[in-house]
Amino acid sequence: MSTGEEEQRKPLSNNQKRKMKSASRLYAVQALYQLEVGEQILDQVILEFLDHRFGAVVDEVEWLEGDAKLFQQLVKEAVNWQAKVDQMTDRALVAKWPLGRIDSTLRALFRAAGAELTQSDTPPKVVITEYVDVARAFFPEGKEPKFVNAVLDHMAREAKPEAF
């Protein structure tokens, strides 16, 4: 057995699993953005990410391996529940900023986070923290992470009030 095979058989540490889940959330936002602005269908985009993005090396930068199951679940649930999640997001935004005026990347982020808030058992505070980190990845110098935190807090309190 080669060293690579041995490494593949080792169980993942909790830290590795957490990083894979975080990467999957980032990839889900990218996939949802791609669905909104592109001409591709859901299964095409999912397959592209699984085959060409997870663990890929692009411009000498290695992309993290993602949790394929979580990634697929987030993207599919965000698409399936988009109307419900968009309505919840609209209620969390101030009247002057309807969802249609929000940046496409933020729309994709709110859809992924909203799907996870409404369709999974992930604690709301974990969802908020994870997607604020995703916002920081896309907008490292901007005010968007604070904005995302406020909107997701409102959405989480609506989706799972018992958690607060």
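**Contacts, core and a helix pair**

Tutor: Of the chain's contacts (heavy atoms within 4.5 Å) with a separation of 6 or more, 67% are between residues 24 or more positions apart. This is a predicted model, where local features need pLDDT of at least 70 and side-chain atom pairs count only at pLDDT 80 or more, while totals for chains, interfaces and linings use all residues. Residues are numbered from 1 along each chain as its sequence is written, and side-chain values use heavy atoms, leaving out hydrogens and water.

Student: How many helices and strands are in the chain?

Tutor: The chain has 8 helices and 2 strands, taken as DSSP runs (H or I, at least four residues, for helices; E, at least two, for strands) and numbered from the N terminus.

Student: OK, new topic: which residues have the most contacts inside the largest nonpolar core?

Tutor: Phe71, Leu109, Phe110, Tyr131, Leu152 and Met155, in a core of 42 residues. Such a core is a set of buried Ala, Val, Leu, Ile, Met, Phe, Trp, Tyr and Cys residues joined through side-chain atoms within 4.5 Å, with buried meaning under 20% relative accessible area (1.4 Å probe, protein chains only). The largest share, 8 residues, comes from α6.

Student: And what does Tyrosine 131 touch?

Tutor: Leaving out residues up to four places away in sequence, its partners include Arg25, Leu74, Glu116 and Leu152.

Student: At what angle do α5 and α8 pack?

Tutor: About 120°, with their axes 9 Å apart. Angles from 65 to 115 degrees count as roughly perpendicular, under 35 as roughly parallel, over 145 as roughly antiparallel and the rest as oblique, so α5 and α8 are oblique to each other.

Key: Axes are lines fitted to C-alpha atoms, for helices over the stretch in contact, and angles run from 0 to 180 degrees between N-to-C directions. Buried means under 20% relative accessible area, exposed over 50%, partly exposed in between (1.4 Å probe, protein chains only).
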